[in-house]
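I open this notebook to record what I looked up in one structure, entry by entry.

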Amino acid sequence: MSTETARPTLQLSFSDKLRLWWDALARPTQWLIGVPFIVFIALLPVIRPPVLTTVGTDFGGVLAQFGMYALLAIGLNVVVGQTGLLDLGYVGFYAIGAYTVGLLTSPDSPWNLTDDWLSRDWAWLFALPIAIAITAISGLILGTPTLRLRGDYLAIVTLGFGEIVRLLADNLTNLTRGGQGLTKIAYPVAGVSESRPNGVFSAGNSTAPFNSGTWWFWVSIVFIIIVLLIVGNLERSRVGRAWVAIREDEDAAEIMGVPTFKFKLWAFIIGASIGGLSGALYAGQVQFVVPTTFNVINSMLFLCAVVLGGQGNKLGVILGAFVIVYLPNFFLGRTELFGIPIDGNEIANYKYLFFGIALVVLMIFRPQGLIPARQKLLAYGRPIYVATRKAALALNRKPAAAPAAATDAEGGAR
Amino acid sequence: MSAVMSAGQVLADGVIDFNVQSLVDNFWALTVDGLTYGSIYALVAVGYTLVYGVLRLINFAHSEIFMLGMFGQYAMLMLLGFTPRGDAYEQGTIMTVTYLLLAMIGGMIVSGGAAVGLERVAYRPLRKRGAPSLVFLITAIGASFVIQEFVHFVLPKLTNNELGGSIAQQPIRLVVPSVQFTVFGADVTNVEIVIFVAALVLAFATERFVTLTKFGRGIRAVAQDPVTATLMGVSRERVIMLTFLIGGLLAGAAAMLYTLRVPSGIIYSGGFILGIKAFSAAVLGGIGNLRGALLGGLLLGVMELYGQALFGTEWRDVVAFVVLILVLMIRPTGILGESLGRARA
């Protein structure tokens, strides 16, 4: 399996060239290119490029949603992509994060803290770490009994967990008001001005381009960068190596002395808390939570983002999240594209059909996703990795002598 | 601090109420209804169990196969000239049974065909590549998306809005539920008898088929040891196809029985929860074990209704999940153990 799929990607594809070029750059040069690129992405909702800007929904809002999905994809990637545990109830953590913020700061909730001693201006920021902590604990509670199960059972049990969380939100009407949802959830009050009496983060701030969606997109970019730094460092540490070992062969990892259960649990908890963070952002942005937002089908959508982008590759899953969020919204409300009349709403309707077909086709023809993960030589650091990659590519130009060393450096493509 | 106090009060007030009285009062009625649902779960569970036994694969899309069966039997009834209307059709017992059988065959054809097609299109290419089980599961999820959305958006276009779409089909009722006799004060309706008996007969027939026939021996051989079975001249691919076919046929039959009990349940999203429950039933009885599927289905159906009486209707779906989690934690091999391969002729 590994040799058949690894060899074709050894051909000099465009992405390979791009990757090698990027890897060979010095760190400062990488920053020089990377920072303006991030700034450009961040300014997208302000620039509103002509064709790319969504028609049916606000572009800033779509990008804010993308930011949250990107966080979810990064978190789920830790669990599915890095550790190889199929979690189908990830939406449960998203819901717990959102509902924690909702329950702590919505006036509809009996646990509302903003009446007595917490200023509404700061309530969201106060609730954010609590939401992350509670989702982490719920990850621990779900993970402790279930992570001893075989992989395919885990998928179904986590699916059940996701559904139970939604049913709890729906049925504990004393707390969550069920289907009516929790309203007026707190948000950070900042940038108050004449035209924006409630600050820039209020859902009432709808004057494009600097509307609330744009501001929340910026907030989520900050969180994405923080989370990427944390997760990236974890991946390069002993923890990350243990995750990869578990993903590739759990029994072998256990025999080699990796405490698999412990590291699986860590992956689960870290993944869960990132999901909770995303949920808290969602609650702050929309300022309203209802159970239907957290249907289990969303878990599949998150999974689709991870698989589509490339399991195990952080940038890949962010791209996957972008595709998942942006494509349906791109077509929504569009009546023509480059002069060709289309029924955009109809196409947007079919999103699950297309994503389903994409999942099946990807799994058959390109299980590694759009941007596949490459296993780096974790133990020896970047210079050696770059050197081996160069050697591999140089050798690849003479395909007759495809050496074993090349496959080793490539090894990650499963 | 009052916020924290009120939090304590909410919990003390009883977020979830226990209603033991309701369970005690309706015990036998709940049991009868539970067995009815349970026999449907059992039939669907057989599909999960067979595929798992042979391929060690959770056929996640089996719930959608069941859902297609509901549409298949509905389409068959429409072909026979029935149209949805408020009251039930009355044609006497023999004609009703004939029509029900025809509807069941319609469901079985659609479900069986879909199951075999799913195996061909989605799973076989993966097997050829020797993909890991995670890849199979993700494919199955993708396939269930495709099937659901096909019924949701494409089927109405193909059938001039007669079938599919985002709302449930208007029910076509062939049987009026009428009480036939009582057990310990619990009414037993004709619908319940039909469902229970039909499901038992089908489950028994499947069990005999797998135990006694040459094909069944092939299935058991592959479940036990695929390599040796192949060496002994059993075609693995054919066995796998047969396994999917049997699972699909039973799901189609179960779909018809289910619509007898829940006439307004024919909707594109109607398979998901039922599929989870049937899977839970299979695990409860011991996945890979045919008798286990039957036992697990009946047990789960009954437990679910007891849970519903105890905690309230809104918690009914939680019961299956909690049972599933508990079984997997305490006895992952289920009540009867995983033994499709070990069953002897």
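**Entry 1, the model.** I note that this is a predicted model, in which local features need pLDDT of at least 70 and side-chain atom pairs count only at pLDDT 80 or more, whereas totals for chains, interfaces and linings use all residues. Residues are numbered from 1 along each chain as its sequence is written, and chains are lettered from A and ligands numbered from 1 in the order in which they are written.

**Entry 2, chain B as a whole.** I looked up the make-up of chain B and found 13 helices and two strands; these are DSSP runs numbered from the N terminus, helices being H or I of at least four residues and strands E of at least two. The radius of gyration is 21 Å, close to the 20 Å of the globule rule for 345 residues, so chain B is as compact as a globular protein of that length. This radius is taken over C-alpha atoms, and the rule is 2.2 Å times the number of residues to the power 0.38. The C-alpha trace of chain B spans about 70 × 55 × 40 Å along its principal axes.

I found β1 (residues 179-183) of chain B paired with β2 (residues 186-189) of chain B in the antiparallel sense, over four bridges; pairing requires at least two DSSP bridges. Phe181(B) stands opposite Val188(B) of β2(B). Two residues lie between the strands of this hairpin, where Phe184(B) takes a positive phi near 50 degrees.

I next examined α5 (residues 90-105) and α12 (residues 260-286) of chain A, which pack at about 50 degrees with axes 7 Å apart. Axes are lines fitted to C-alpha atoms, for helices over the stretch in contact, and angles run from 0 to 180 degrees between N-to-C directions.

How many residues does each chain give to the contact? Chain A gives 41 residues and chain B gives 40 residues, with contact meaning C-beta atoms, placed from the backbone, within 7 Å. On the side of chain A that touches chain B, the largest share, twelve residues, comes from α7(A).

Definitions and conventions. Contact = placed C-beta atoms within 7 Å.
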